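Colleague: I would like to learn how to read a model like this one, feature by feature. Please give the general idea and then the case at hand.

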Amino acid sequence: MISLKARNGRDPKELAVLDMDAHLRDERLKQKYVSTMFDILAPGYDTFTRVFSFGMDRGWKEQLIREGVARAPQRPRLLDLACGTGDLCAAIARRTSASLALGFDLSERMLEEAARRAALTPEPALRFAVGNMLALALPDASIDMVSIGYGIRNTHEPDRALGEIARVIRPGGLLLNLDFYRPVNALWRELYLGYMSVAGNAAGWLWHREPVTYGYLSPSIRRYLTMPAFEEALGRAGFVVEWRKRFLFGALGLHVARRV
Ligand SMILES: C[S@@+](CC[C@H](N)C(=O)[O-])C[C@H]1O[C@@H](n2cnc3c(N)ncnc32)[C@H](O)[C@@H]1O
């Protein structure tokens, strides 16, 4: 049954007292804001994502996984960044028979949810740990495949995140990315972000009695890249896009890119 109340999360008031604009402008403060927010959201995150995307999240991830798995080497070393509850990481690990599947996230509560989920259907290659995609504690060229679902947008510097990801992927390795983007068309941008703002604040109130818990979604997309700008950033970091798919008129994109 779907519950409209979060279980055992951190107190949403911890987020409500922080000044969102000031925190999103500064690297260190943004990291603190985002990890506090996802600690609060972690217990109900999977249900929320399914409901809020009208079930589309599952279809988007399935398409990305299918395209990535079709290009994956045998028994890859996989790294899932901003792994959240670990759904992407576990699915790719299973379907590629990964020799190693690391899930890194900033939020300890998200990692607790990931461990809880993983215990239900154990996958021997899976390991979860606290890790920041802006500074990965991994050697150069040590990973065959990186996957990220709704992750890079939450960092302060997409170029720096992509540079760090490029460092740890071996030449010829793959990046699978799924995220929301700032729509290029101004009219669509205002309609879409207006909807996301109203729906996000309403969902935040329903789930946590604090609109700001999901109110972050719309401003975070407004501050982020458009999909063409993201593809330019991929090129600067040393990736070539092999496959892409746009949804919601460019407000959501899937990419499979190869490290040159
Ligand atoms: C919207 S959730 C996405 C979770 C999951 N990947 C999915 O597809 O549903 C974003 C996650 O990014 C994590 N995150 C944000 N900034 C991060 C960073 N710099 N390094 C690692 N994880 C980060 C948050 O803690 C959160 O769990």
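Modeller: Start with how elements are named: helices (H or I, at least four residues) and strands (E, at least two) are DSSP runs, numbered from the N terminus. By that rule L29 has its place in helix 3. This is a predicted model, in which local features need pLDDT of at least 70 and side-chain atom pairs count only at pLDDT 80 or more, while totals for chains, interfaces and linings use all residues. Residues are numbered from 1 along each chain as its sequence is written.

Colleague: Is L29 buried, exposed or partly exposed?

Modeller: The classes rest on a count: a residue is buried if 20 or more other C-beta atoms lie within 10 Å of its own, exposed if 12 or fewer, and partly exposed in between, with C-beta atoms placed from the backbone. L29 is partly exposed because 15 other C-beta atoms lie within 10 Å.

Colleague: What does L29 touch, not counting residues up to four places away in sequence?

Modeller: Contact means that the C-beta atoms of two residues, placed from the backbone, lie within 7 Å. L29 touches A22 and H23 on that basis, with residues up to four places away in sequence left out. The C-alpha atoms of L29 and M227 are separated by 26 Å, and the two residues are 198 apart along the chain.

Colleague: How is the length of helix 3 checked?

Modeller: The expected span of a helix is 1.5 Å times one less than its number of residues. Helix 3 has 15 residues and should span 21 Å; its end C-alpha atoms are 21 Å apart, so the two agree.

Colleague: Which residues of helix 3 are buried, and what covers them?

Modeller: An α-helix has 3.6 residues a turn, so residues three or four places apart point the same way. The buried residues in helix 3 are K30, Y33, V34, T36, M37, F38, D39, I40 and L41. Their cover includes helix 1 (13-16), helix 2 (20-25), helix 4 (45-52), helix 7 (108-120), helix 9 (186-208) and helix 10 (212-215).

Colleague: What follows helix 9?

Modeller: R209 follows helix 9, and its phi is positive, near 60°, although R209 is not a glycine. R209 lies in the loop between helix 9 and helix 10 and is partly exposed, with 13 other C-beta atoms within 10 Å. A141 is another residue other than glycine with a positive phi, near 50°. A141 sits in the loop between strand 3 and strand 4.

Colleague: In what order do the strands of the sheet stand?

Modeller: Strands of a sheet pair through backbone hydrogen bonds, either parallel or antiparallel. Here two strands pair if DSSP finds at least two bridges between them. The open sheet has 7 strands in the order 3-2-1-4-5-7-6, with mixed pairing. Strand 3 (126-130) and strand 6 (239-247) are at the edges with a single partner strand each, so one side of each has no neighbour in the sheet.

Colleague: How many bridges join strand 1 to strand 2, and how many join strand 1 to strand 4?

Modeller: Strand 1 (residues 77-81) runs parallel to strand 2 (residues 100-105), joined by 5 bridges, and L81 stands opposite F104. Strand 1 also runs parallel to strand 4, with 4 bridges, and D80 stands opposite S147. Strand 4 (residues 143-149) has 7 of its 7 residues buried. Strand 4 is joined to strand 5 (residues 169-180) by 6 bridges, again parallel, with I148 opposite N177.

Colleague: Which residues are closest to the ligand?

Modeller: A residue is near a molecule if its C-beta atom, placed from the backbone, lies within 6 Å of it. The ligand is surrounded by 22 residues, the closest being F38, A82, G84, S107 and G149. Helix 3 gives the largest share of this shell, 3 residues.
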